[in-house]
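The following paragraphs go through the structure shown here, starting with how its chains meet and ending with the fold of one of them.

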2 protein chains.
Amino acid sequence: MEKRNLVFIATSLDGYIADRKGRLDWLTTIPNPEQSDMGYNEFMAQVDALVMGRKTFETVCGFEGDWPYAKPVFIVSRTLDTLAEDYRDKAELVIGSLTEILEQIHNKGYHKLYIDGGVTIQNFLKEDLIDEITITTIPIVLGGGTALFSKLPTELEFTLVSSKVFLNQLVQNHYQRKG
Amino acid sequence: MEKRNLVFIATSLDGYIADRKGRLDWLTTIPNPEQSDMGYNEFMAQVDALVMGRKTFETVCGFEGDWPYAKPVFIVSRTLDTLAEDYRDKAELVIGSLTEILEQIHNKGYHKLYIDGGVTIQNFLKEDLIDEITITTIPIVLGGGTALFSKLPTELEFTLVSSKVFLNQLVQNHYQRKG
């Protein structure tokens, strides 16, 4: 079974995934009368499970409405020992180095993984563990916030797989790690 | 005459315009057998003059071959008093606040300006003085270097004018300041 770690995320023109106050409302300011999901459901259909950081998990837990994921969710954390009881049926804590964590998840039969959350994506990139990145660029310069990318020990070359425009305003580029 | 300040620049996937060592060679690693200029000449044809920072000017001065610009070049600097004699026929130093500098340049009859160089672009953005940005994204994560964007006092909304793919790998998005 081919193992793939995939990122699917939206950023501002200046590369932020949340604004200075941690808000995400700027993601949805472009009118979307036909409720396009911008490829999200198609992306989700191909992944086996999600891997996200503690902070993203807490953000998702704070969303109103039903639990948003139909796939298994694994939480990577350096600070949590256990998940709050309310969430134990929804997510599972995984502990260890990224390689160990991935091995645990692969051993459970999940191979195509949606890697989510700023810090987690950065940590995966630092170890060159991201195979595909889909970035949807929102036409706003936030001027500050939580950056998608961080400093890396080495350059990583990617190949453009596709480039699409949604809502006449959002450019979504799909990249694959080269070689 | 309509005054416009335009940016035309290439960045890595993680938003850098030069790598950690100030190198630009990663800009040209994608094979370009037909020598596409990726819209550069068309862009240049519509501008009246260039405005660039001291550092970009020095980089351009270091390029081999003929002086690359057919249009007037204005250098903004907080450290230079005069330009080296060799360059006085090629560029003109402008001194003052950005508003003062722009007034000087407009008074000479140049209204559509190509704003170039990382620090200069950042300073123009800080004062909301950029009307259009064309960004060509190279499919590489550099992991460090000179960033295109910096912290800004306020968010700036843009409108996507066009999105093109060059060489099957480079995505070029053209944005206009909203409103």
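This is a predicted model: local features need pLDDT of at least 70, side-chain atom pairs count only at pLDDT 80 or more; totals for chains, interfaces and linings use all residues.

Two strands are said to pair if DSSP finds at least two bridges between them. Within E8(B), Ile140(B) has Glu157(A) standing opposite.

The pairing belongs to a wider interface. Chain A brings 28 residues into contact with 28 residues of chain B. On the side of chain A that touches chain B, at least two residues each come from strand E8 (140-141), strand E10 (156-166) and strand E11 (170-177) of chain A. The largest share is that of E10(A), with seven residues. Sorted by class, this side of chain A holds 15 nonpolar residues, nine polar ones and four charged ones.

Next comes chain A taken by itself. Its secondary structure consists of four helices and 11 strands. Along the principal axes, the C-alpha atoms of chain A fill a box of roughly 40 × 40 × 30 Å. The radius of gyration of chain A is 16 Å, which agrees with the value near 16 Å for a compact globule of 179 residues. Of the 179 residues in chain A, 34% are buried. As for contacts in chain A between residues at least 6 apart in sequence, 70% join residues at least 24 apart.

Notes
Residues are numbered from 1 along each chain as its sequence is written. Chains are lettered from A and ligands numbered from 1 in the order in which they are written. Two residues are in contact if their C-beta atoms, placed from the backbone, lie within 7 Å. Ala, Val, Leu, Ile, Met, Phe, Trp, Tyr, Cys and Pro count as nonpolar, Asp, Glu, Lys and Arg as charged, and the others, Gly among them, as polar. The radius of gyration is taken over C-alpha atoms; the globule rule is 2.2 Å times the number of residues to the power 0.38. A residue is buried if 20 or more other C-beta atoms lie within 10 Å of its own, exposed if 12 or fewer, and partly exposed in between; C-beta atoms are placed from the backbone.
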